Every structure is written in structure tokens, then in C-alpha cells.
Amino acid sequence: MSTSAPVVPYVDHKRFAWILSLLIPMSIATGPLLWQWHPVTLMLWLPVIFTYCIAPLIDLAMGTDTSNPPESAVPALDADPYYRRITFALVPLLWGAFIYAAWFSQSVVLSWQAQLGLILATGGVGGFCINLGHEIGHKRAPLEQWLARLILAPTFYGHFTVEHNRGHHRDVATPNDPASSRMGESIWRFVLREMPGAFRRAWQLEQARLQADGLPLWSLHNAILQPALITFALWGALCLWLGPQVLLFLLPAALWSNFQLTSANYIEHYGLLRQVRSNGRVETCKPQHSWNSNHVFSNWATFHLQRHSDHHAHPLRRFQSLRHFDAAPQLPNGYFGMFTVAYFPPLWFAVMDRRLVDAVGRDPARINFAPGQRERLMARHGLVDQASTASVAKEQP
């Protein structure tokens, strides 16, 4: 008589590692605290150096983790309040870090090089604000929706939830999406298309929603104006406290924060293209339409943002439940390392274009080319239009 083995309950081995995300705001304090101990410019650049130089090395040293929770465990994982409490706790910490940086920038005399280091470090914290807004902004609970608006306010990017949830997820990996980068497009060209394009799309989507609901555009019902008012309140309070010159710190810090989102958008779907079916509809977004990374350290720090394929397939799934897919193309490093590579376009193209060509099976019909770059890039990588080749083969006697 055979007996079945007892069912072993699933244990999330990363459970306590997620607390690492709460240490992120401390990175902004590290520079000023070290500067007060030893007032040299390098101290204020240490958080920046860690983010773009040291973190990628940590990712390489720690390697990748492709383990997935079993589907049977996902309902319990998603319902566990422990994970939500981590995201909730991060909201005041990030606000505190942003306010602390603004105060420090006006409280000591700094060289322009030191101010630049502080601005970039603060912008990095603002980038984590947007990442947190991305995680909780997809959830339906009213508390999480309002926390998303609150955490997007310091960087003046409150339109993100509208644009991302209703625009990017609909148009991702198509030429119509300003937040999907194209093969042959540098990040410096991409940002000129992505930032204004995202704002225009967010405003159009919200205008259409309010019109359909019979609500006025210029009202508190507007989900873009709500976080904007919080921004005005925060920045206005900082101006009253620290003086209006604090805007010379807040504006570039917010711009760099928002550029961190641009950097993520740039690397997440670079060159990948969803196909148009015979009925004229775009195919469903699949794992192969997002670049993923399973590098351990940066995934801990970004709430599994790098498991981007599963996020697009299941936007409501919480970060602790996101899965790795073998079919998803993989980045050679975590997001921090890939940001650094992207800021040097020749290096980015050298690292990523060949990976893109391999990821799509050398089929140019599956590549989202930058306008005017298709023929040059096809020739460079020896690509042949497979549809044209098939048509010629049929015509052969």
C-alpha cells in the first residue's frame, strides 16, 4: 500500500531579504553624514558611485535566482500582509529622505561638484519613489492607490500611474508606445520622445475617462491633478521653510528622478515588437516582449521590477509572487548596471543589439526599429526579411 508524500508548505526564502528595500533611503543620508565627518566632495558622490558602479558588481558576484513560487502558493503569498507593510513603511522613509536632502542642500555651503553629487543621489531616491509608486499603483485597494499618488508627488511625476497602467500596458512593445525604446535609438533620443509622450498620453487618457464619467476635467476627480496638488503643497512648504532658492535643488533632483524611470523604460523593452494579427489586432503581450533580469541584489532593491514579463502578463500580481520565464530575453546585468551601460550609447548597442537579434530568432519582423535605422541595422547584422524570402521561394519554379 503506497502512501503519498506529505505536502511541504512553500517557504519564501527571500522573505526577510525584502527588508533591504527599507535601507535604500539611508543611502541619501550616507553622503551628508560622511561629509559632516570629512567635508570633501567625494563623500556626497558615494551613493551615486555605489548605485552605478558597485551595485552592478554585487549583482555579478551574487548571481541570479530563477526560482519561482508554485502557483498553489501564490494566493497565500499575495494575501500575506507582511509584504504590503514593507511597501507602506517605505513611503514615509522616502519622503523623509527627500526632505532631508532638500534641507541639507540649503544648510551647508557646497561647491557645484558637491551639489551635483547630492542632486544625483537625491534623484536616485526619487527613482525609488517612482518604483514604489509602480508597485502599489497597480493595486486596486483605495489605500494603495492614494499611497501611490503620495509617493509620486516628491518628484512631480504624478501622471505616471495613469500613463503606465492605462497606456503603457496597452501599447507596450509597439511603435505607438512612447515608453518602449527602439533598436538603434539611444537613450538620449528616447528621453525626448518618452517624457513628453508619456505626459500627453496620460492627459488624453484621463480626459477621456472623466468625459465618459461625466466629470469635469479641472477638478479633484482628475487623477493627475491630485498628486500634482500634493507636489505643490510639499514644494511650497519647502520654499517657505528653506527659501525659494531650494527650487534650484528640487527641479534638477526631480528631473534626474524622472530620468531613472526613463532609464528603466529604455532597457525593459528595447527593440522588442509585438506582432499585428490578420484581424488587425496586436497580439497579447508575452514573456518574449520584455527584457528580464534575475540578478539577486537589484531585484531585492526594486521589488522584483526586473521580472518584467510576468508583471505585464499579471499587473495585479504582487512583487513577491512574480515569476521567471525561460522564454523571456535576459539582460546581462541588473538594472543598475544596465542603466550605466545605456548612458553610453555605443557601449549599449555593442552589448544589446546582438542579444536582441538572437532573442527574436533573427527575424526583423519582430524588431521595433528606430525610424530610418531598419536597413542599416539589418545589413549590419546580416538580417533578411523572412516574409520576402518566403515569397521569393514560392515564385521559384
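## α1 against α4

In this predicted model, helix α1 (residues 26-37) and helix α4 (residues 81-107) cross at roughly 30°. An angle under 35 degrees counts as roughly parallel, so α1 and α4 are roughly parallel to each other. Their axes come within 9 Å. The crossing of α1 and α4 is left-handed.

From α1, the contact uses I28, A29, P32, L33, W35 and Q36. From α4, the partners are A97, Y100, A101 and F104. The residues of this contact comprise nine nonpolar, one polar and no charged.

## α1 against α2

Helix α2 (residues 41-62) also packs on α1: the two axes come within 7 Å and cross at roughly 165°. Angles over 145 degrees count as roughly antiparallel, so α1 is roughly antiparallel to α2. This crossing is right-handed.

S27, G31, P32, L34 and W35 of α1 touch M43, L44, L46 and P47 of α2. P32 and W35 of α1 meet residues of α4 and residues of α2.

## A covered helix

Helix α13 (residues 335-342) is mostly covered, with seven of its eight residues buried. The buried residues are Y335, F336, G337, M338, F339, V341 and A342.

## Confidence

Mean pLDDT for the protein is 92, and 95% of its residues reach 70 or more. Residues 389-397 have pLDDT below 50. Beyond near neighbours in sequence, that stretch has one contact in the model. Where pLDDT is low, predicted coordinates should not be read in detail.

Key. Residues numbered from 1 in each chain as written. Predicted model: local features only at pLDDT ≥ 70, side-chain atom pairs only at ≥ 80, totals over all residues. Heavy atoms only, no water. Axes fitted to C-alpha atoms, helices over the stretch in contact; angles between N-to-C directions. Helix = DSSP H or I, 4+ residues; strand = E, 2+ residues; numbered from the N terminus. Parallel < 35°, antiparallel > 145°, perpendicular 65-115°, else oblique. Left-handed = near helix turned anticlockwise from the far one by under 90°. Contact = heavy atoms within 4.5 Å. Nonpolar A, V, L, I, M, F, W, Y, C, P; charged D, E, K, R; others polar. pLDDT = per-residue confidence, 0-100. Buried < 20%, exposed > 50% of the residue type's maximum accessible area, 1.4 Å probe, protein only.
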